[in-house]
Structures are given as structure tokens and as C-alpha cells.
Amino acid sequence: MIWMNHKSCCAGVLFLFGAVLNAGQHAKAQTNPPQIKLSVHWEELTGPDFVEAIKRAQGTCLLPFGIMEKHGPHMPLGTDLINVRYAALHAAENQYAVVFPEYYFGQISEARHEPGTVAYSRDLQLALLQATTDEMARNGCKKILIVNGHGGNDSLVPYFAQSQLDKPHDYVVYFFKERTPASGGPKKKTTVDAHAGESETSKMMVVRPDVLHQGRAASESGADQNRQHLPEGVYTGIWWYSRFPDHYAGDGSVATRELGEYQMNWWVDAVSKVIAAIKATT
Ligand SMILES: [Zn+2]
């Protein structure tokens, strides 16, 4: 009998009724244990709670990947980090996962001429990313989803993920690169819409309007300067500088909160679906 295992069992027959009631609650608690609220932020968990968090996440952890670089005249240097962390943290609330602390050690050599850029060497970027995912895995993250917030990482991370096959690992690296829906939502006013442009500025209106200075967005031009004339299919590292030397591609002055909400909801939802799919893989 269940109640015999309960502490109240030794209180005797007089307390039988109460004991059965307690046992009933106990049995219910065993079948449906109350889940304690666990933060999705790695750095906010206690050591013992971290163990529980990894279990609840089924070993799935997120590494939102940002950068420090100029974003037009109106957006903070950490725009990509701020936006990607918002998307990753909200997605992890939907589909529980543990989110690694702030990480912005990516590829940004092309912005070294701009104030505030932090550009690590290629060797250090790869070594640090490897050490970080190795340490995450040692702590139980066997499925690591790198959520990208910065276009300059679009080649770095797939190379990193693919080259994990160079030797056996006890964890898997996934990469989700998309940040903006291909279509849908409020109609956009601009055709060139990339770095610090309409979409990115709109997202920041939702995420951290207090660090956005939209009134300054028209003080520089984010037009494509079209200075690279090469056949299609030819890649060269200076392409970005040749087209957008001021680290501004588009026009943030036309951004709206409505567009930002649509796009950020899409991003959170997309990452949530990726987490669910990763959890389901074996
Ligand atoms: Zn950006």
C-alpha cells in the first residue's frame, strides 16, 4: 500500500484517514512532480539546478552568436548580440533549453576601421568556439544549437560544424542561420534592407528601444555603392567593404515596431521549432 511508505504511516490507526489523504497527495506528486521554475540563462542557474536544467533540456543547449561592430549611425555596437539573444532566450522559454552566456567572438575583420569593432584572429575564433562547445558538452550539452545573429559568421559556423567530423565527438553542433523571414508581414518600404536597415532597426524597436537612436538613422547613407564589378559566382573578401564601407546597408529611418514584432515573433517561433526538431533527433 502506498501510504505505508509515507512518513505518516508510523502515526498509527488514529491517523489512518489523514495518512491516506497524505499518501494520496504523495502518490499524485510521484506521478506528476511539480516542476520547479528553471531559468533558461546558463549564468543564472545554481550548480544543482544546472544538472536539473540539462535533464529538462534533454541535453539541448543554445549558443546565440553575436558580434561587436558598427551598425549604421543609429544602432548599438552589440545589435546582433542583443537581437539574437532575445530570439534565443524566448525560444528556449517555449522549448526548454539552456542558453549559453553572451558570445561575440566571430568573424568581423572587414570592420576593423570602424570604432568599437572587436575582431579576433581566425585561429582564436575557431579555437575559442571549439573550446566553448567542448566545455558545453562536458557539462552535458550533447546537442548544441548555434543561433546566428551576424551575417559575417555565415561561413565560419558551417565550416566549424562540418569540420567537427574530423574526429569523434560525443556531441553534435547544429547551426540556424536565418534571422529574417523571406516574406510575409507588414509591407517593407526599402529594397536594400540588410545591416542596420529597415528590418534590423525594426527588431531593435521591440528588443531594446532604449539603446536605439532612430532619429539619427538618416544622418548617413546606407545605399549600395556598387563598387565591385565581378562576374556572378566570384567571391572575394572585400565585397562587403566595396558595397557598404560605412557598415550601413539600407535605411533604418523607415523602421516600424509593427514590422519588428512580426519579424521577431517569426524568429522566436523558427528557433523554437528548430529546438523541438533537434530534441526529437537521435
Ligand atoms: Zn547586424
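The protein chain exposes about 15,000 Å², of which carbon and sulfur atoms supply 57%, with accessible areas taken from the Shrake-Rupley method with a 1.4 Å probe and, for residues, only the protein chains shown counting as cover. This is a predicted model, in which local features need pLDDT of at least 70 and side-chain atom pairs count only at pLDDT 80 or more, while totals for chains, interfaces and linings use all residues. Residues are numbered from 1 along each chain as its sequence is written, and side-chain values use heavy atoms, with hydrogens and water left out.

**Overall fold**

- The protein chain has eight helices and four strands, where helices (H or I, at least four residues) and strands (E, at least two) are DSSP runs numbered from the N terminus.
- Along the sequence these elements follow the pattern α-α-β-α-β-α-β-α-β-α-α-α.
- Of the 282 residues in the protein chain, 45% are buried, a class defined as under 20% relative accessible area, against over 50% for exposed and in between for partly exposed (1.4 Å probe, protein chains only).
- Among contacts with a separation of 6 or more, 75% are between residues 24 or more positions apart, contact meaning heavy atoms within 4.5 Å.

**Zinc site**

- The zinc ion has H71 (NE2), D80 (OD) and E200 (OE) as its protein donors, at 1.9 to 2.2 Å; donors are N, O and S atoms within 2.8 Å of the metal (3.2 Å for Na, K and Ca), and since water is not among the atoms, sites may look incomplete.
- The spacing of these donors along the chain is H-x8-D-x119-E.
- Because H71 lies in the loop between β1 (60-65) and α3 (79-94) and E200 in helix α6 (residues 198-207), the pair ties together parts that are 129 residues apart in sequence.
- H71 counts as buried because its relative accessibility is 0%, and E200 likewise counts as buried, at 13%.

**Surroundings of H195**

- H195 sits in the loop between β4 (172-176) and α6, and its 9% relative accessibility places H195 among the buried residues.
- A polar atom of the H195 side chain lies 2.8 Å from the backbone oxygen of K70.
- Not counting residues up to four places away in sequence, H195 touches E69, K70, H71, E200, W240, H247, Y248 and A249.

**V206 in helix α6**

- V206 lies in helix α6 and counts as buried at 15% relative accessibility.
- Although V206 and N83 are 123 residues apart in sequence, their C-alpha atoms are 9.4 Å apart in space.
- Leaving aside neighbours within four places in sequence, V206 is in contact with Y86, R257, G260 and E261.

How values were computed: A polar contact is a pair of N or O atoms within 3.5 Å; within protein, one must be able to donate a hydrogen and the other to accept it, and residues adjacent in sequence count only if both atoms are side-chain atoms.
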